[in-house]
Amino acid sequence: MALAGIGHEFAKRTGSLLMFPRFNGLKLFYSRPAINIHPQDGMIDEQVTIGASGLEPGQLVILRSSVKSECGKYSFQAHATYEADSLGHVSLSEQPSLGGTYLGLQPMGLLWGMVPDAKSAKKKARLVKTNPDIHHWVYTFDLCDGNVPNVDQGPGGILASETATRRFIAPGGLQEVAPSRLPLIIEMAGLAPRSVQDRPQLLASHGFAVLDFNYFAAIGEALLTGAPKGQNAYLDCKLFYDIVEYAQRHPRIDDTRIGISAGCTGGSLALSAVPRLTGFPVRCISVQRSEDRYTSVMPSEDGTLFVTTDFDHHVYDAANHEDYVAPAAERMRQAGNGHLVDFVHLPGAGHLLQSPYLPLCTESSMYLPDVLDAAHYARWGGEPKLHAEAQVKAWQKTLDFFRKHLGPVEPLRQDCLSTTSV
């Protein structure tokens, strides 16, 4: 009653409660700046809604994201400046970045726009998924005062902080949740000594059994046990038959529904090996960024998908990317199987097509089979925004391709990609 009395007396002095000065401004006392992330725990290929609230109308703020590499040695970050709307809100889906590591309307820019910090950049670090025992990354988001100089370099001016979990394996994705048999995808990544785990784990979360075929290990072992360095290394095709035998013995795998997902050298090896394997029951092959000019290609039973880019500085130049795919496609057409070939071209994309929303890496170190004791610095290419869009498109096309030809009936999570954007 006392509060009501105070309000009544104030109303008499001001003439009306509607004239209560800065009534909407009560948020200054009861609402604090906050970062809003939804979902806060989600899949790495799922779009996230990111925003801020509790700000002054027109207030300039900097949103900053950061994440550590799996080994903990390297840090990656992105930052962008935003102006709060009339309600004191910021929405990355509706408002453009005014400056930072990316510009314009980029709903997922704080993720795909990440770059290594100064210390990590000197090591040419790459944010990559390699540890099969780590199934998620934790990202940190900071809301900072936009008037504090160099806020992207230090902790000063932080108004709010929040974390978000991004998963590669869906909850329950590693468990046998039903008695049905799963189609098998053989994943063959590029020529790298460490197995890259983002795509295999995500494919498993979409209802496939996935076998990560680290063929580099076999090639590297042969070189380390006596093969001369600097000479050609060969893949024993018997390994493919070993995989099929494993699939036939496994109670959860349907050995009549087998596909191959391959990139770079893995794609060249797959396209060269499959036509030479008598009775190898592969239905479909998806190949990304592969050098296919010299392969003897025949299509798989149901179809072959070629994913090409035009800003790849590792395999081919932008000017002649078609020269690497056209011969393979022509051989398929001459064999009467042109209708089984599908193409996806990704303008502006570089060589390293990772899972959606992982940041572009234009240069990093790698180890080649003939020089296992020394790092080689490879240039990958790519324009950040176009590359980010390409990764989403390539992933959607790959999922659709394998769903069409392998028919998974046991999705382990709800697919959220139908409404994704960069």
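Analyst: Two strands pair if DSSP finds at least two bridges between them; strands (E, at least two residues) and helices (H or I, at least four) are themselves DSSP runs, numbered from the N terminus. The model is predicted, local features need pLDDT of at least 70, side-chain atom pairs count only at pLDDT 80 or more, and totals for chains, interfaces and linings use all residues. Residues are numbered from 1 along each chain as its sequence is written, and side-chain values use heavy atoms, with hydrogens and water left out.

User: Which residue is the bridge partner of Ala34 in β3?

Analyst: Strand β1 pairs with β3 (residues 49–53) in the antiparallel sense over 5 bridges. Within β3, the residue bridged to Ala34 is Ser53.

User: Which strands stand at the edges of the open sheet of 3 strands?

Analyst: The strand order is β1-β3-β6, and the pairing is antiparallel. Each edge strand has a single partner, so one of its sides is left without a neighbour in the sheet; these strands are β1 (34–38) and β6 (90–91).

User: What is the average twist from one strand to the next in the open sheet of 6 strands?

Analyst: This parallel sheet runs in the order β11-β10-β12-β13-β14-β15. Its edge strands, β11 (209–212) and β15 (341–346), each pair on one side only. From one strand to the next, the twist averages 15°.

User: What angle does the direction of helix α10 make with that of β13?

Analyst: Axes are lines fitted to C-alpha atoms, for helices over the stretch in contact, and angles run from 0 to 180 degrees between N-to-C directions. Helix α8 packs on the sheet, touching β10, β12, β13 and β14 (303–309), and its direction makes about 130° with that of β12. Helix α10 (residues 384–406) also packs on this sheet, touching β10, β12, β13, β14 and β15. The angle between the directions of α10 and β13 is about 175°.

User: What distance separates the C-alpha atoms of Leu269 and Met188?

Analyst: Leu269 belongs to helix α8 (residues 265–273) and counts as partly exposed because its relative accessibility is 22%, between the limits for buried (under 20% relative accessible area) and exposed (over 50%), with a 1.4 Å probe and protein chains only. Leaving aside neighbours within four places in sequence, Leu269 is in contact (heavy atoms within 4.5 Å) with Met188, Tyr215 and Leu235. Leu269 and Met188 are 81 residues apart along the chain, and their C-alpha atoms are separated by 8.8 Å.

User: Is Gln288 buried or exposed?

Analyst: Gln288 lies in strand β13 (residues 282–288). Beyond four places in sequence, the contacts of Gln288 include Arg199, Cys264, Val307 and Thr398. Because its relative accessible area is 3%, Gln288 is buried.

User: Which element gives the most residues to the largest nonpolar core?

Analyst: A nonpolar core is a set of buried Ala, Val, Leu, Ile, Met, Phe, Trp, Tyr and Cys residues joined through side-chain atoms within 4.5 Å. The largest has 56 residues, and those with the most contacts inside it are Val90, Tyr139 and Phe141. With 9 residues, the element that gives the most to this core is α10.

User: What percentage of the residues of the protein count as buried?

Analyst: The secondary structure comes to 10 helices and 17 strands. Of the 422 residues, the share that counts as buried is 48%.
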